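Let us take a walk through a protein chain together, one step at a time.

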Amino acid sequence: MGFVRAAVFASIVAIGGAAYVYRDDVMREVGPHLGMGVPAKAAETQASPAAGAQPQGRRGRANPGGAVPVVVMPVTSQAMPVVVDAVGTVQSIASVQIKPRMDSQIMKVNVEEGALVKEGDVLFELDSRALRAQLGQIEAQIRKDQAQVVQARRDLQRTEELLAKNAGTVVQRDNAGTAVKAAEAQLEADEAAKASVLTSLTFTEIRAPVSGRIGSIANKAGAVVRTGDNSAASTLATINQIDPIYVSFAIPQVILPDLRAAMAKGPVTVSAIVDDAKKQSGVMAFIENTVDPNTGTVTAKARIGNANELLWPGQFVKVEIVLGIEPDALSVPSSAVQLGSQGPFVFVIKDGVAELRQVSVKRTQDGQAVIGKGLESGEQVVVDGQLRLVQGASVTVRPPTVNPTRPTAPPRG
């Protein structure tokens, strides 16, 4: 028994001695599993994995790769339009539904569906035979009335001559005068009836009230139309005036004072853009007299020439309102402006060193950011490579591989 205890004790001493001798190797193998023996630098890395993923420059440390290659562009001072962008809807200035004004039958349709018509063109012809027969009767009655008036005036003249010779009586003269007035009144009544029939005859020729495009024609020749019919079929056609045409859009209420001030100075140019290569220009025509309290916007309309029919009623278009020209606007490519926790900023390069500069941006248009304050004309700003920059970083300027700004937009207005 004593021999066994001695053997076990000797084994424990041997294992403990080996563990002490190879303690470093043991800790390297076992330490990560027990949370012990991790080097300080490795622990720091594991405790903050985001710090390793974040660029060194953004943590205010020197770039390990040396100077950062960037593309720069100068701050320019130039005349730039003050433009407000909106989304608009094309609307007809006049949209007229063509309906009959009398019960009749369509005898002839003189227009094709979708045709361009001019004001006064005869579109539909209704049955006018009954009215023309009635007109003939009235004209015959008028001729009879005219003869009776002539006869009554002759009788009045004779009675007056007889009365002057004491051969007639006052009663005869008065009766003759009354007959003249009655004949004249009958003539006037028949002439009024003739005018009424002539007016009704004009209803048998349905003419275009405005110039524009006609839509679908629901009723063809032979169809009977009635004025009391309120169904959709009672509308013969609809004409939309398309030249000129309205573009309706909504603008924020904060822009309303500037828009009204611009309109007070003269015509305000408005462009309706279908795509980058197609647009029509006109002028402001109308501002609604109230602001929508639900959206904080006000509706406005522009009157735009549309002889080429580029704009179509119901179409959505991009709208640009030019409120004026800013003569000395400072601008940089919009790619130069970055957004930070304290607002927009750019990197300005001076003597090969990057300087972070907070700026205020008035507006962005045509790929250019118009700067309110924070920059001066001629300064060099970074338009490519900003993501690796921090305050005071060293840079090297390289030529652009592609144009950092989009192509110049076509002239406005």
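A residue is called buried when its relative accessible area is under 20%, exposed when that value is over 50%, and partly exposed in between. With that in hand, you can read the overall picture: of the 413 residues of this chain, 32% count as buried. Please keep in mind that the model is predicted. Its secondary structure comes to 7 helices and 22 strands. Among contacts between residues at least 6 apart in sequence, 77% join residues at least 24 apart.

Let us begin with two of the helices, α5 (129–164) and α6 (170–203).

Which residues of α6 are buried? They are Ala176, Gly177, Val180, Ala183, Leu187, Asp190, Val197 and Leu201.

Now look at how the two helices sit together. Two packed helices are described by the angle between their axes and the distance between the axes. For α5 and α6 the angle is about 165°, and the axes are 8 Å apart. Angles over 145 degrees count as roughly antiparallel, and therefore α5 and α6 are roughly antiparallel to each other. Their crossing is left-handed.

In the loop between α5 and α6 you will find Asn166. Its phi is near 60°, a positive value in a residue other than glycine. That deserves a second look because most residues other than glycine have a negative phi. Asn166 counts as exposed because its relative accessibility is 71%. Asp351 is another residue to look at: it has a positive phi of about 55° although it is not a glycine. Asp351 lies in the loop between β17 (343–350) and β18 (353–358), and its relative accessibility of 81% means that it counts as exposed.

Next come the strands. Four of them form an open sheet, in the order β3-β10-β8-β5, with antiparallel pairing. The edges of this sheet are β3 (95–98) and β5 (116–117), each of which pairs on one side only. Inside the sheet, 2 bridges join β8 (residues 212–214) to β10 (residues 237–240), and these strands run antiparallel. To see the pairing in the picture, find Arg213, which stands opposite Asn240 in β10.

Follow the chain on from β10 and you come to the loop between β10 and β11 (245–252), where Pro244 lies. The peptide bond from Asp243 to Pro244 is cis, with omega near 0°. In general, most peptide bonds are trans.

Our last stop is Val274, found in strand β12 (residues 269–275). Is Val274 buried, exposed or partly exposed? At 32% relative accessibility, it counts as partly exposed. Leaving aside residues up to four places away in sequence, Val274 touches Leu310, Leu311, Gln315 and Val317. Val274 and Val317 are 43 residues apart in sequence, yet their C-alpha atoms are 5.4 Å apart in space.

Terms used:
Residues are numbered from 1 along each chain as its sequence is written. This is a predicted model: local features need pLDDT of at least 70, side-chain atom pairs count only at pLDDT 80 or more; totals for chains, interfaces and linings use all residues. Side-chain values use heavy atoms; hydrogens and water are left out. Two strands pair if DSSP finds at least two bridges between them. Helices (H or I, at least four residues) and strands (E, at least two) are DSSP runs, numbered from the N terminus. Buried means under 20% relative accessible area, exposed over 50%, partly exposed in between (1.4 Å probe, protein chains only). Axes are lines fitted to C-alpha atoms, for helices over the stretch in contact, and angles run from 0 to 180 degrees between N-to-C directions. Angles under 35 degrees count as roughly parallel, over 145 as roughly antiparallel, 65 to 115 as roughly perpendicular and the rest as oblique. A crossing is left-handed if the near helix is turned anticlockwise from the far one by less than a right angle, and right-handed if clockwise. Contact means heavy atoms within 4.5 Å.
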